Amino acid sequence: MRRRFAPIAALATALCAIPVALAGSGADPGVSSTTILIGGTSPLTGPAASYATVARGAQAYFDFINAKGGAAKRKIEYRVVDDAYNPAQTVQAVRRLVEQDNVFAVFNTLGTEANLAIRDYLNQVKVPQLFVASGATTWGRDAAKYPWTIGFQPSYAAEGLVYGQYIAKTQKKAKVGVLFQNDDYGKDLLASLKSGLSRSGSKVVAAEPYQVTSPDVGSQIGKLKASGANVLAIFATPTFAIQAYVFANRLGWRPLIINNAVSATSNTMTLASEGGKNKSIEGTISTTPLKDPLNPRWKKDPGMKQYRAILAKYAKGANPNDANHLYGMAVAYETVGLLKGLGANPTRAGLMARARSIASAKNPFLLPGVSVKTGKGDNFPLQQGQLQRWMKGRWVPFGGLWTSKRN
Amino acid sequence: MIVAAFSDFMQQVVSGLASGGIYALLALALVIIHRSTGVINFAQGEMATFSAYIAWTLTVNHGLSYWPAFVACLAISFGGGVGIHRVVIRPVERGSVLRIVIVTIGLLVGINGFVIWEWGGEPQQLRSPFGTETYDVGGVIVAAHDIGTIAVALGIVLLLWLLFRFTKVGLALRAVAVNPDEARLVGVRVTWMLALGWGLAATLGAVAGMLTAPTVGLDPQMMQAVLIYAFAAAVLGGIDSPIGAVVGGLLLGVLLNMLSYLSQYGAFDWFTEELRLPAALLIILVVLLVKPTGIFGRPEVKRV
């Protein structure tokens with residue numbers, strides 16, 4: 001991972017040394033006559049390092065676009081800084097990106113706590129916090145208070161609600177045990193799951209938090225099993241989600257498992273299956289707005305063919321089954337769309353204005369029918385998804401697309 | 001109802017023993033390096049992670065089956081441990097203990113960086129040599145992997161006891177740790193004994209890494225939290241005692257699980273997940289204040 005970003009970072013540093021005077025007269029910092037510099041943090045190391053591939057996918061897409069001439073006649077430089085999933089490091093890195101590197105926008109920064117930690121600052125200095133890689137509801141809900149911040153992925157509130165409603169509809173008197181990350185991300189999912197279950201015979205009987213610094217979640221899974229739960233909801237990042245499956249299996253526990261979208265790439269599921277020996281994984285329910293790289297249905301799909309080609313060319317050695325790459329490309333695609341519309345003198349205010357009025361229905365990496373939309377009173381770019389069930393080594397979609405009320 | 005509550009309780013004990021087995025294995029490596037070189041090795045966790053990645057890459061990327069990879073990993077780790085001593089530790093060995101400690105902290109950062117650079121930060125899966133079977137013992141589920149882990153820890157204790165008690169090499173190792181200058185005078189090759197201590201610790205660390213990865217998932221940080229618990233286990237059991245490391249590890253695993261189990265029933269209800277790691281640190285502090293030698297350690301005797 002480092003190998004890949006280092007030369008780009010070095011190049012970007014060199015480009016930044018060129019005085020801002022080169023920039024077009026009306027353009028904002030980070031824009032020169034040949035480049036637009038954007039930057040963001042990503043957990044390249046640390047407890048959530050599986051998400052490093054999100055930045056890698058986005059990077060590959062920008063490289064692809066740059067090879068075709070870039071956006072708005074400029075190349076897009078995307079500088080990724082490691083924050084190890086530690087908000088304190090995010091704050092330092094983002095201040096450096098803004099104050100020393102003069103990025104045009106902060107983009108695709110990953111993690112709920114990380115983004116909360118920089119939101120006040122970025123809104124104060126009026127630098128776009130574009131397409132936050134977190135599903136916390138606050139990004140869309142509090143857009144009036146934080147006009148420089150916008151999310152991307154379906155909100156955790158919408159996702160939790162979908163799971164709750166699914167359980168309410170398909171299970172009679174289910175007893176749900178929840179493993180959740182002890183922060184706003186986990187709590188958002190837990191609260192909305194509960195509201196999805198309300199007025200049904202099913203309810204949450206136990207909810208066990210974990211800290212990202214803990215070595216394992218064995219004790220929590222033991223307690224959830226002991227609670228008598230017959231449904232297990234995993235609201236955890238990939239490392240801990242994989243552990244949850246391993247421990248459930250070691251306890252001989254076979255609940256119906258709900259696994260949140262952020263840990264449901266085919267790659268993570270395959271790791272959790274322990275080489276096909278872990279049976280607790282079979283029948284897991286999750287949701288995604290993305291096309292599944294393992295689904296044969298997309299084998300000849302132009303979008304997915306392009307995805308594989310871009311990854312093979314610009315992210316050598318990357319595993320195409322890791323759909324986090326795909327997420328990165330989907331968000332980079334929308335960003336390129338925004339930048340193209342900014343004209344000769346891109347401004348930060350112009351970028352945010354366009355981000356608040358997206359109408360993109362043809363993102364090649366998202367499921368057909370899933371559109372990216374924002375507008376007056378709607379600050380949630382993605383509010384659709386597809387329920388899917390893990391069967392015999394891959395996701396099988398079922399039911400139609402769900403669309404959440406644009407709340 | 002009471003039967004169910006009892007099996008829940010026992011399940012938490014078993015789960016505590018399982019976590020404890022992991023702490024015990026790494027604690028053993030810490031003990032062995034302290035006993036044979038007198039060093040507290042902060043890089044022990046990262047060395048174990050590195051070894052686990054070696055095993056993983058041999059099986060996944062180089063097509064070896066598990067046991068050849070296991071043996072190769074132990075050999076590579078032993079060589080790596082000796083190499084670390086020769087290249088990094090030996091130049092600072094003559095100075096204060098503090099210098100060596102700082103070098104091991106540097107190693108921690110360096111090895112972690114290398115692992116991420118070479119293999120990336122994403123989690124991987126290393127399979128367990130004991131499989132994924134589980135057994136139902138009166139309503140309490142026990143996993144083959146956890147039994148295997150604890151058995152390996154106890155087996156290592158026995159081997160170490162035989163080594164230190166009955167072999168000349170063991171005696172030389174002990175002599176070097178206690179008094180390198182006098183050991184040299186009686187003809188012990190001190191430098192090689194210290195290198196051997198590092199090699200042994202790295203090998204034990206490799207076992208710890210390979211048995212931890214199937215449980216917590218193989219990623220570059222997998223041993224960082226475990227290391228703190230392993231320190232607590234080693235201090236609790238007595239930093240020089242292999243059996244102490246295992247007992248300390250198991251005790252710690254069960255103790256922490258009990259606190260969080262009982263908190264459900266009102267006792268220790270202040271004990272939340274956030275306090276698990278601080279609790280381990282508190283144990284280190286209390287043991288060092290009250291009984292610095294731990295449960296099995298012997299007080300240091302100096303002839304005046």
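**Figure 1. Lining of the second largest cavity in the predicted model.** By class, six nonpolar, four polar and two charged residues form the lining of the second largest cavity. The volume of this cavity is about 120 Å³. From chain A, the lining residues are Gly218(A), Gly222(A), Phe247(A), Arg250(A) and Leu251(A). From chain B, they are Gln11(B), Val14(B), Ser15(B), Ala18(B), Ile141(B), Ala143(B) and Asp146(B). At least two lining residues come from each of helix H8 (218-226) and helix H9 (238-250) of chain A, and likewise from each of H1 and strand S2 (140-143) of chain B. H1(B) provides the largest share, four residues.

Figure 2. Leaving aside residues up to four places away in sequence, Ser7(B) touches Gly138(B), Gly139(B) and Val140(B).

**Figure 3. The largest cavity and the residues around its centre.** The structure holds eight cavities of 30 Å³ or more, and the largest cavity has a volume of about 490 Å³. Its lining comprises 34 residues, of which Gln153(A), Ala261(A), Val262(A), Asn324(A) and Tyr327(A) are the closest to the centre. Helix H6 (156-170), S10, helix H12 (323-340), S13 and S14 of chain A each contribute at least two lining residues. The lining of the largest cavity divides into 18 nonpolar, 13 polar and three charged residues.

**Figure 4. The hairpin formed by S13(A) and S14(A).** Strand S13 (residues 384-391) and strand S14 (residues 394-403) of chain A pair in the antiparallel sense over seven bridges. Arg394(A) is the bridge partner of Met391(A). Two residues lie between the strands of the hairpin. Lys392(A), in the loop between S13 and S14 of chain A, has a positive phi near 50°. With a relative accessibility of 78%, Lys392(A) counts as exposed.

**Figure 5. Glu274(A), a residue other than glycine with positive phi.** Most residues other than glycine have a negative phi. The phi of Glu274(A) is near 45°. Glu274(A) is placed in the loop between helix H10 (266-272) and strand S10 (285-288) of chain A. Its relative accessibility is 15%, so Glu274(A) counts as buried.

**Figure 6. Gln59(A) in helix H2 (residues 52-67) of chain A.** Gln59(A) is buried, with a relative accessible area of 2%. Although Gln59(A) and Leu311(A) are 252 residues apart along the chain, their C-alpha atoms are separated by 9.7 Å.

**Figure 7. The largest pocket and its lining.** The space in the largest pocket is about 1,800 Å³. Among its 49 lining residues, His34(B), Arg35(B), Ala177(B), Val178(B) and Asp240(B) lie nearest the centre. Several helices of chain B each supply at least two lining residues, including helix H1 (2-37), helix H4 (97-119) and helix H10 (242-262). By class, the lining of the largest pocket has 26 nonpolar, 11 polar and 12 charged residues.

Technical notes
Residues are numbered from 1 along each chain as its sequence is written. Chains are lettered from A and ligands numbered from 1 in the order in which they are written. This is a predicted model: local features need pLDDT of at least 70, side-chain atom pairs count only at pLDDT 80 or more; totals for chains, interfaces and linings use all residues. Side-chain values use heavy atoms; hydrogens and water are left out. On a 1 Å grid over the protein atoms alone, a cavity is a set of points where a 1.4 Å probe fits but cannot get out, and a pocket is an open set with protein on both sides within 12 Å along at least five of seven lines; lining residues have an atom within 4 Å of a point. Grid points are joined across faces, edges and corners, and a volume is the space filled by probe spheres set on the points. Ala, Val, Leu, Ile, Met, Phe, Trp, Tyr, Cys and Pro count as nonpolar, Asp, Glu, Lys and Arg as charged, and the others, Gly among them, as polar. Two strands pair if DSSP finds at least two bridges between them. Contact means heavy atoms within 4.5 Å. Buried means under 20% relative accessible area, exposed over 50%, partly exposed in between (1.4 Å probe, protein chains only).
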